[in-house]
Amino acid sequence: MDTINYFLFETDFVEDNIRCIPMVVRMKLDLVGIKMSLAAWSRCTAAQRKELVDAACKTSSEKWQFAKLTEKVIRTITGEPPVLIAVEKNQFWEDLAEVPEPLVKQAALYGLTISVVQWQALTPLQRFALVKLCRPGHENRNFPFAMQEFGLAEHLPINALL
């Protein structure tokens, strides 16, 4: 994955015993096709959360091991099997040819832009985070903070602070 496990925009919920699912884990869950609810995450022990954060999930073998680990954790805390989701063949954050339209639209709401060159310079985890933060139904108040953290906004727009 990447050497970073958490982003600065996640600090408000990472410092408090990782009470929300960090982007690094959300990306891994998407890669292996497992849905973990916030309720299930909140029932994980600190050690289980750290294990999911630190687990490798890049190669086919690592993905398989992460899926097995996640399944074990979910079964342990809920007594139920994990909810499986489709794994997209082409991960949206891996397409370097163009900036995804939802991201362009979300950035425009804050008066920001992102070029293809900037998009290509981001790590896969950064690209994943930006697209996740602009998806419908997601609380995207951290979107402008992520844009700033990733060097895509020099200053936070006024409407990000409201």
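Leaving aside its neighbours within four places in sequence, which residues is valine 25 in contact with?

1. The answer to that question is Trp41, Leu52 and Val53, once the neighbours of valine 25 within four places in sequence are set aside. The model is a predicted one, and the points below are to be read with that in mind. Valine 25 is placed in helix α2, and with a relative accessibility of 1% it counts as buried, the cut-off for that class being under 20%. In space, the C-alpha of valine 25 is 9.6 Å from that of cysteine 57, although the two residues are 32 residues apart in sequence.

2. As to the overall architecture, the chain has nine helices and two strands, and these follow one another along the sequence in the pattern α-α-β-α-α-α-β-α-α-α-α. The chain comprises 162 residues, of which 44% count as buried. Among the contacts in the chain with a separation of 6 or more, 60% are accounted for by residues 24 or more positions apart.

3. Helix α2, which spans residues 23-32, deserves a point of its own. Ten of its ten residues are buried, and the helix is therefore largely enclosed by the rest of the structure. The buried set includes Met23, Val24, Leu29 and Leu31, but also the charged residues Arg26, Lys28 and Asp30. The elements against which the buried residues of α2 pack are β1 (34-35), α3 (38-43), α4 (46-54), α5 and α8. Just after α2 comes glycine 33, which takes a positive phi of about 75 degrees.

4. The packing of α2 on α5 can be described in some detail. Helix α5 covers residues 60-78, and its axis comes within 10 Å of the axis of α2, the two crossing at roughly 105 degrees. Since angles of 65 to 115 degrees count as roughly perpendicular, that description therefore applies to α2 and α5. On the α2 side the contact is made by Lys28, Leu29, Leu31 and Val32, and these meet Lys63, Phe66, Ala67 and Thr70 in α5. By class, the residues of this contact divide into five nonpolar, one polar and two charged.

5. Methionine 27 also has its place in helix α2, and it counts as buried because its relative accessibility is 4%, where the class requires a value under 20%. The C-alpha atoms of methionine 27 and tryptophan 93 are 9.9 Å apart in space, while the residues themselves are 66 residues apart in sequence.

6. Lysine 132 lies in helix α8, which runs over residues 124-133, and aspartate 30 is listed among the buried residues of α2. Lysine 132 is itself buried, with a relative accessible area of 11%.

7. On the cysteines, the structure holds zero disulfides.

Key: Residues numbered from 1 in each chain as written. Predicted model: local features only at pLDDT ≥ 70, side-chain atom pairs only at ≥ 80, totals over all residues. Heavy atoms only, no water. Axes fitted to C-alpha atoms, helices over the stretch in contact; angles between N-to-C directions. Helix = DSSP H or I, 4+ residues; strand = E, 2+ residues; numbered from the N terminus. Parallel < 35°, antiparallel > 145°, perpendicular 65-115°, else oblique. Contact = heavy atoms within 4.5 Å. Buried < 20%, exposed > 50% of the residue type's maximum accessible area, 1.4 Å probe, protein only. Disulfide = S-S within 2.5 Å.
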